[in-house]
Amino acid sequence: MPALFFYLFAVLLVLASLAVILARNPLYNVLALVVAIFALSSLFVLLEAFFVGIILILVYAGAVLVFFLFVVMCLNLNAAVLTSVQQSRFRLLGGVVGLMFASSFFLATKSFIAAQAMGPSSVRGTIETIGRILFTDYLLPFELTSLLLLIAVFGIVSLAQGVLSTGKEKGN
Amino acid sequence: MIGLGHYLLLSGIVFSVGIVGVVTSRNVLKVLLSLELLLAASNLVFVAFSKFNGDYAGQLIVFFVILVAAAEVAIGLAIIVLMYRRLATIQADELKEMKW
């Protein structure tokens, strides 16, 4: 039964990630990434990483992708802008690079699939276990991420100030 | 029986799709979305190794990756909005001021 769910969500993840790069409308790109994130989160639950799976849905599908949608709608891209963006000179190069990556990943993981050496361990990423490690062994990196988010806020505010000041210059 | 190799192969496929998206698309929004795919693929590897090696560190790294990705997306989208206001385009090739 877990194998069935694995293949279901794996196919969903691959199809959604293909839709992310192939769909023409940016709105559909973002919505396909929402589907991909939900499939990925389901795979995390299959791997018994419950806390990370929930955080993935909350942060990605809840915050990051809504932010993406907000920007896509805020830019209000018209058809002329979108069609001018579609043609790429690097399509062949991209295909070759993708095939190289995929084949190298396949060659690297072939032995893993054949061997089945490691069975799954009893690791269960519940809130209790993850929280205990996060606030003991990983306390310093956890506090440093708050500093990182603060710096990101400073960066965005300074970028937005540039927009406001240029707007004022135009107004004057 | 689903083993570690299945998860690694799936993550490799998603990573390759993301690489193709980063290389081929000229729409900067799409480049940013493809970067998210790359991060998602690497997150899957971390969680799979965490499960099969019996170590919680992989899941904690995924937690930190999600935090850093949120900050990265916020800054990236701010830059895209600025770019659209200044140049009225979201095409990566139009950014010529840093070229020489």
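Start with chain A: the C-alpha centres of its domain 1 and domain 2 lie 26 Å apart. This is a predicted model, in which local features need pLDDT of at least 70, side-chain atom pairs count only at pLDDT 80 or more, and totals for chains, interfaces and linings use all residues. Residues are numbered from 1 along each chain as its sequence is written, with chains lettered from A and ligands numbered from 1 in the order in which they are written.

Select 1-79 + 122-131 of chain A for domain 1. Then select 138-172 for domain 2. These bounds come from an automatic or database domain assignment.

Next, show chain B beside chain A. Here 75 residues of chain A are in contact with 64 residues of chain B (C-beta atoms, placed from the backbone, within 7 Å). Colour helix 5 (91-115) of chain A. Helix 5 of chain A gives the largest share of the side that touches chain B, 13 residues. Helices here are DSSP runs of H or I, at least four residues, numbered from the N terminus. By class, that side of chain A has 57 nonpolar, 16 polar and two charged residues (nonpolar: Ala, Val, Leu, Ile, Met, Phe, Trp, Tyr, Cys and Pro; charged: Asp, Glu, Lys and Arg; polar: the others, Gly among them).

Now move to chain B. Select helix 2 (residues 28-53) and helix 3 (residues 57-87) of chain B; they pack at about 175°, axes 9 Å apart (axes are lines fitted to C-alpha atoms over the stretch in contact; angles run from 0 to 180 degrees between N-to-C directions). That makes helix 2 of chain B roughly antiparallel to helix 3 of chain B (over 145 degrees).

Show side chains there. Among the residues that meet are Leu39(B) and Phe46(B) from helix 2, and Val65(B) and Ile80(B) from helix 3.

Conventions: Helix = DSSP H or I, 4+ residues; strand = E, 2+ residues; numbered from the N terminus. Parallel < 35°, antiparallel > 145°, perpendicular 65-115°, else oblique. Contact = placed C-beta atoms within 7 Å.
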